[in-house]
Amino acid sequence: RAQNLWTVDVADGSLRRITTGPSHDRQPAWSPDATTIAFTSDRHADADLSWRSDIYVVDAGGGPVRRVSGGRGERAFEQPTWSPDGASIAATGHRFRMANASSTGTWVFDATRESDGRDLVGDDALDAGAGMNSDLAGIPAPGIAWGPSGEWLVFGAPAEGSYELWRAQLDGTPPVRLTTGQHALT
């Protein structure tokens with residue numbers, strides 16, 4: 001069965017279905033004003049035959065679903081994270097440029113309309129949000145965090161055999177490495 005979004009009223013336990021359909025709706029993120037939910041989904045024909053996931057938004061009470069991660073071709077965006085002012089949504093992801101291969105960046109989309117978005121990393125050598133595996137410990141997928149002013153984001157990416165924290169400015173300045181060591185910060 002498809003994974004759709006629901007809300008639960010904690011006072012009385014009642015359920016409300018927010019999304020419907022055969023798609024898998026995952027990684028819900030509430031807007032700062034709690035009126036809208038961003039999520040990741042594969043809402044397109046033949047979703048099981050391609051590598052495509054987009055960021056969508058829906059009113060917290062349900063209603064029409066709207067895609068914000070526009071563009072053509074194969075793409076994979078995940079981990080929607082709202083800016084402090086609710087105007088933008090950041091996500092890890094990429095657009096497959098060559099034969100289903102590319103590195104993951106940290107993207108920012110306009111929360112009010114569909115757009116191509118902007119990759120703040122822009123460097124194929126820095127694989128923002130790359131997974132890390134271990135047979136000794138479960139390591140969760142790295143998240144994204146907005147700075148309190150909404151002018152920058154912090155994300156995880158591997159470097160020199162470790163998993164480090166990086167900061168990307170919205171003004172286009174190249175990402176800056178914030179940590180150094182032999183560790184896995186996620």
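Are Phe39 and Tyr56 buried or exposed? Both Phe39 and Tyr56 are buried, where buried means under 20% relative accessible area, exposed means over 50%, and partly exposed lies in between (1.4 Å probe, protein chains only). The model you are looking at is a predicted one, in which local features need pLDDT of at least 70 and side-chain atom pairs count only at pLDDT 80 or more, while totals for chains, interfaces and linings use all residues. Residues are numbered from 1 along each chain as its sequence is written, and side-chain values use heavy atoms, with hydrogens and water left out.

**The overall fold**

- The protein has zero helices and 14 strands; helices (H or I, at least four residues) and strands (E, at least two) are DSSP runs, numbered from the N terminus.
- If you follow the sequence, the pattern reads β-β-β-β-β-β-β-β-β-β-β-β-β-β.
- Of the 186 residues in the protein, 41% are buried.
- A contact means heavy atoms within 4.5 Å. Among contacts between residues at least 6 apart in sequence, 34% join residues at least 24 apart.

**The surface**

- The accessible surface of the protein is about 10100 Å², and 51% of that belongs to carbon and sulfur atoms. Accessible areas come from the Shrake-Rupley method with a 1.4 Å probe, and for residues only the protein chains shown count as cover.
- Trp6, Val8 and Leu15 make a nonpolar surface patch of about 330 Å². Patches are made of residues with over 30% relative accessible area and no salt bridge; like charges are joined within 9 Å, and nonpolar side chains (Val, Leu, Ile, Met, Phe, Trp, Tyr) within 5 Å.
- You can find Trp6 in strand β1 (residues 6–8). Trp6 counts as partly exposed because its relative accessibility is 45%.

**Aromatic rings**

- There are four aromatic pairs in the structure. Rings of Phe, Tyr and Trp (its six-membered ring) pair if their centres lie within 6.5 Å; planes under 30 degrees apart count as stacked, over 60 as edge-to-face and the rest as tilted.
- Phe39 and Tyr56 are a stacked pair, because their ring centres are 5.8 Å apart and their planes are at 25°.
- Phe39 sits in strand β4 (residues 36–41) and Tyr56 in strand β5 (residues 52–59), so this pair ties together parts that are 17 residues apart in sequence.
- Phe77 and Phe109 have ring centres 5.0 Å apart and planes at 80°, so they form an edge-to-face pair.
- That pair links distant parts of the chain, with Phe77 in strand β7 (residues 75–82) and Phe109 in strand β9 (residues 105–110), 32 residues apart.
- Phe77 and Phe109 are both buried, and ring pairs link Phe77, Trp107 and Phe109 into a cluster.
- Arg167 lies over the face of Trp152, at 5.9 Å from the ring centre. A charge sits over a ring if NZ of Lys or CZ of Arg is within 6 Å of the ring centre and within 35 degrees of the ring normal.

**Salt bridges**

- The whole structure holds eight salt bridges, each being a side-chain nitrogen of Lys or Arg within 4 Å of a carboxyl oxygen of Asp or Glu.
- One of them joins Asp54 and Arg67, whose closest N and O atoms are 3.5 Å apart. It links distant parts of the chain, Asp54 in strand β5 and Arg67 in strand β6 (residues 65–67), 13 residues apart.
- Asp54 is buried because its relative accessible area is 2%.
- Arg177 has a salt bridge with Glu160, with the closest N and O atoms 3.5 Å apart. Arg177 is in strand β14 (residues 176–177) and Glu160 in the loop between β12 (152–159) and β13 (162–169), so the pair ties together parts 17 residues apart in sequence.
- Glu160 is exposed, with a relative accessible area of 72%, and Arg177 is partly exposed at 25% relative accessibility.
- Arg177 also meets Glu164 in a salt bridge (3.4 Å, N to O), which links Glu164 in strand β13 with Arg177 in strand β14, 13 residues apart.
- Glu164 counts as buried because its relative accessibility is 0%.
- Salt bridges that share partners join Asp54, Arg67, Arg75 and Glu114 into one network.

**A look at Val108**

- Val108 lies in strand β9 and counts as buried, because its relative accessibility is 8%.
- Val108 and Ile89 are 19 residues apart in sequence, and their C-alpha atoms are 5.7 Å apart in space.
- Leaving aside neighbours within four places in sequence, Val108 is in contact with residues including Ser88, Ile89, Trp146 and Leu153.
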